[in-house]
Amino acid sequence: MDEREELDWQTFGDASRALAQAVADDGFRPDVVLCVARGGLLLAGALGYALDVKHLVMMNVLYYTGIDERLDAPVVLRPTPDGEDLAGKRVLIADDVSDTGATLRVVRDFCVAHAEDVRCAVLYEKPQTVVRCEYVWRRTERWINFPWSNEPPVTAA
C-alpha cells in the first residue's frame, strides 16, 4: 500500500484550531456544529469550543466497513437530528475526511432541507470527493491514519 498520511494528537489540535480560524476569518458564525459520527466527533467538539458554539448535534452514518471497504451506499443510523432544530440556523458540518463524499452528501442534503446556511469543515479532502468542503485543513490522495482509529479496539485481557 502507498505511504499513508499520519495524523498525531498534537497535529490534530493544531489542525482543528486552523480550521476554526478559517471559519472565523470567513465570517461564518455557526449556530450549530453537526458532527458526522464517528470520525467527526472529536473535530466537532474542538470546533465547538474554538468557535464558542454550544449547540452540537450528531448524525451517525455507516459507510466504511474497513480500510477502503464500504457499503454500496451510506446508511443513516438512528437517532437522527430533528430537522426542526436546524430550521433557520447556520450549520457547520464537521467530519474527519471527505473521501468519496457520499457520506457528507447525505448529511449535507439533510441539513440543506432544514437549515438556513450549511457549510462543511473537514481535516482532509480527497480529489475524488463529490462534496467540495468550504473549510479544508489538508488535501491528500493517501489513506489517513487518525490517532483515534490507528490502534485496534480494546478488549478484555
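Which residue forms a salt bridge with R90, and how far apart are the closest N and O atoms? The partner is D31, with the closest N and O atoms 3.0 Å apart. The views below start from that pair. This is a predicted model, where local features need pLDDT of at least 70, side-chain atom pairs count only at pLDDT 80 or more, and totals for chains, interfaces and linings use all residues. Residues are numbered from 1 along each chain as its sequence is written, and side-chain values use heavy atoms, with hydrogens and water left out.

**View 1. R90 and D31 meet in a salt bridge.** A salt bridge here is a side-chain nitrogen of Lys or Arg within 4 Å of a carboxyl oxygen of Asp or Glu. R90 sits in strand 5, while D31 belongs to the loop between helix 1 and strand 2 (32–37), so this contact ties together parts 59 residues apart in sequence. Helices (H or I, at least four residues) and strands (E, at least two) are DSSP runs, numbered from the N terminus. As for cover, R90 is partly exposed at 28% relative accessibility, and D31 is partly exposed as well, at 27%. The cut-offs: buried is under 20% relative accessible area, exposed is over 50%, and partly exposed is in between (1.4 Å probe, protein chains only).

**View 2. D99 and K126 join two loops through a salt bridge.** Their N-to-O distance is 3.6 Å. D99 lies in the loop between strand 5 and helix 4 (102–112), and K126 in the loop between strand 6 and strand 7 (135–139), so the pair ties together parts that are 27 residues apart in sequence. Both ends are tucked away: D99 is buried at 6% relative accessible area, and K126 is buried at 4%. Another salt bridge to look for is E125 with R132, whose closest N and O atoms are 3.5 Å apart. E125 is buried too, with a relative accessible area of 2%. Elsewhere, salt bridges that share partners join E3, E5, R138 and R142 into one network. Across the structure the count is 11 salt bridges.

**View 3. Strand 5 runs parallel to strand 6.** Strand 5 (residues 90–98) pairs with strand 6 over eight bridges; two strands count as paired if DSSP finds at least two bridges between them. To get your bearings, find L92, which stands opposite R119 in strand 6. Strand 6 covers residues 117–125 and is mostly covered itself, with seven of its nine residues buried. In a regular strand the side chains alternate between the two faces of the sheet.

**View 4. C111 and C120 are in no disulfide.** A disulfide is a covalent bond between the sulfur atoms of two cysteines. The rule used here asks for a pair of cysteine sulfur atoms within 2.5 Å, and the count comes to zero disulfides. For C111, the nearest cysteine sulfur is that of C120, 8.0 Å away. C111 is buried at 0% relative accessibility. For C120, the nearest cysteine sulfur belongs to C133, 4.7 Å away. C120 is buried too, at 2% relative accessibility.

**View 5. W9 pairs with two aromatic rings, F12 and W148.** Rings of Phe, Tyr and Trp (its six-membered ring) pair if their centres lie within 6.5 Å; planes under 30 degrees apart are stacked, over 60 edge-to-face, and the rest tilted. The whole structure has six aromatic pairs. One of them is W9 with F12, edge-to-face at 6.2 Å centre to centre and 85° between the planes. These two are three residues apart in helix 1 (residues 9–25), so about one helical turn separates them. W9 is partly exposed at 48% relative accessible area, whereas F12 is buried at 9%. The rings of W9 and W148 have centres 5.9 Å apart and planes at 55°, so that pair is tilted. The W9–W148 pair links distant parts of the chain, 139 residues apart: W9 is in helix 1, and W148 is in the segment after strand 8 (144–145). W148 is partly exposed, at 25% relative accessible area.
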